[in-house]
Amino acid sequence: MQFHHHGYVSTDPRIQDAVGVGIDRPDELPENVDVLIVGTGPAGMITAAQLSQFPGITTRIVERRGERLAIGQADGIQARSVETFQAFGFAERIIAEAYRITEMAFWKPDPADASRIIRTARALDDTTGISEFPHLIVNQARVLDYFAEVMAFSPTRMTPDYGFEFRGLTNTQEGEYPVTVTLAHTTGDKQGQERIVHAKYVVGADGARSGVRDSIGCTLAGDQAFHAWGVMDVLAVTDFPDIRTKCAIQSGSGGNILLIPREGGYLFRMYVDLGEVSPDDHGAVRQTSIEQIIAKANAILHPYTLDVKNVAWHSVYEVAHRLTDRFDDVLPAEIGTRTPRVFITGDACHTHSAKAGQGMNVSMQDGFNIGWKLGYVLEGRSPETLLGTYSAERQVIAKNLIDFDKEWSTLMATKPEDLKVPLEEFYTKTAEFPSGFMTQYPPSMLIGEATHQHLATGFPIGKRFKSAPVVRVADANPVQLGHHHRADGRWRVYVFADTDAFANTAASADGSALANWADWLHTSSESPLLVHTPAGVDIDSIFDVKVIYQQPHTECDISRVPGAFLPRTGPYALIDYEKVYAADPEHDIFELRALDRGGVVVVVRPDQYVANVLPLTATDQLAAFFRQHLLAR
């Protein structure tokens, strides 16, 4: 964490100074806002947290409940989400309080006695080192708390507006605030009274029964599996030996349990198979009592027993897979004629089973995606056409998720003897998908073609930037390169130096490909830094440019580093020394990510996805890429 560059800080450095709309922020919901977010679930809160970093944008997030969520339904946190938490500054703290999944146990009927279950396999949760971050279990409410803290500590001092229910909206497509939103107070003296808010943009993060979705004419389409599950978070005494290990339990009777230990050391969740549901059931299965769910769990666990002492939460749900055909208010016939004003995220546009642990995780990536794009358009950094990429990118990802979840939830509900592929084999082979790392955006105004992908095969274009160890030259500290990518709305440009960039003689260093590239970035009229960085702000306010040398840090003379990598920032024009890195001799990033030794530039979007890979000589292509989606200052 960097601070003191605006003067000495003696208090919590996570609390940024109030700036822009954060100065004297009104407590009461204003009549006009730039962005109105409906719903304080994971998708809504991460959108708000991202927009809270843009001091000139008035963002408000409303919630029907009168207070924070006390206990959430979601709990699985995939490694990709923990990477995202790192960007928002709270990964280490949430890891400390969460339950960490390291392996999964598989239980099946005993071949000698099908009425009994036995452990038949164990599978490591991450066999390939797909991320340096773990797979976690932590209550959704705590995730929301952390995002609320990010918002409150941000320059805009954002806090949720509780006690407002969404009633409807209209988009006049006219004026500065074209979207008129009708809300109603749900608490206090004004309960039932309506409130009108005018917005430039609206984000619907209001769940599977989304009113925002209905207001823009979207419907969830899909199918229902006619299979019910009871889910319960409980404190219990049991002789089942793997009660603190994630388990898939398949019994001889055909019933199944997915067991998820929870944070805190005692609590655990069980998804208990309640069996097939008749199409004419009309929701009767949802009346299944907690006592019936516990009894069913005991039957599946035989010969082990479960003595439930306390039930923190329980529910019954039927598996359904549904998706909207668009994630914004632009009809197919209108594409190209206008830009969207209303967006939907999370469960408002995709629903599926809970057993793949993807609902909260994919929803947060929806919010991360739309958040920075709204920030760029509203601050005048990008054209409005940028907003059309949200639905184009995220709708395809949601469809892939639903296809995966159909397969996983079907396998979970199938008797072991009827499975063509053992459950543990499917779990291991498909680990990259549920971990959140299969997302790959196609070429667009934000994603370059794979023309030069061979220069950095370990950083696939369109996929998330996979971190690796490096050494910071100025202080010899070993760090993870990707961990310095904060959710501050900036593009990252990682420049991997050519071999000659730090040779033993100054002459060769001065004439290296890196030196030429750095000089172009620093002085050329075509440089993205000079073309797109607004006047009067720090030179690294839009682009965070870092260099990584191939030589050990002991051979890197900081005095010979080009000035493009040692920018002066803040009111005192202090030198930022945290943009210069060297390869870690024990974990050479050039080998780990198959980087060309002749040098390569890797461009990463504000939401951590690789946008382009270019050689050091392709300065014209780099400038042209940014001109596609960034406006001149």
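**Domains 1 and 2 and their interface**

Between domain 1 and domain 2 an area of about 1,100 Å² is buried, 55% of it contributed by carbon and sulfur atoms, where buried area is the accessible area (1.4 Å probe) that two parts lose on being put together, summed over both. By class, the side of domain 1 that touches domain 2 has four nonpolar, seven polar and two charged residues, with Gly counted among the polar ones. The model is predicted, so that local features need pLDDT of at least 70 and side-chain atom pairs count only at pLDDT 80 or more, while totals for chains, interfaces and linings use all residues. Residues are numbered from 1 along each chain as its sequence is written, and side-chain values use heavy atoms, with hydrogens and water left out.

The domain assignment gives domain 1 (30-74 + 139-221 + 322-410), domain 2 (101-133 + 224-320) and domain 3 (453-628), the bounds coming from an automatic or database assignment. Domain 1 supplies 13 residues to the contact and domain 2 supplies 14, contact meaning heavy atoms within 4.5 Å. The C-alpha centres of these two domains lie 32 Å apart.

Zero salt bridges are counted between domain 1 and domain 2, the criterion being a side-chain nitrogen of Lys or Arg within 4 Å of a carboxyl oxygen of Asp or Glu.

Turning to the cysteines, Cys-247 counts as buried because its relative accessibility is 0%, and Cys-556 because its value is 8%, buried meaning under 20% relative accessible area (1.4 Å probe, protein chains only).

How values were computed
Buried < 20%, exposed > 50% of the residue type's maximum accessible area, 1.4 Å probe, protein only.
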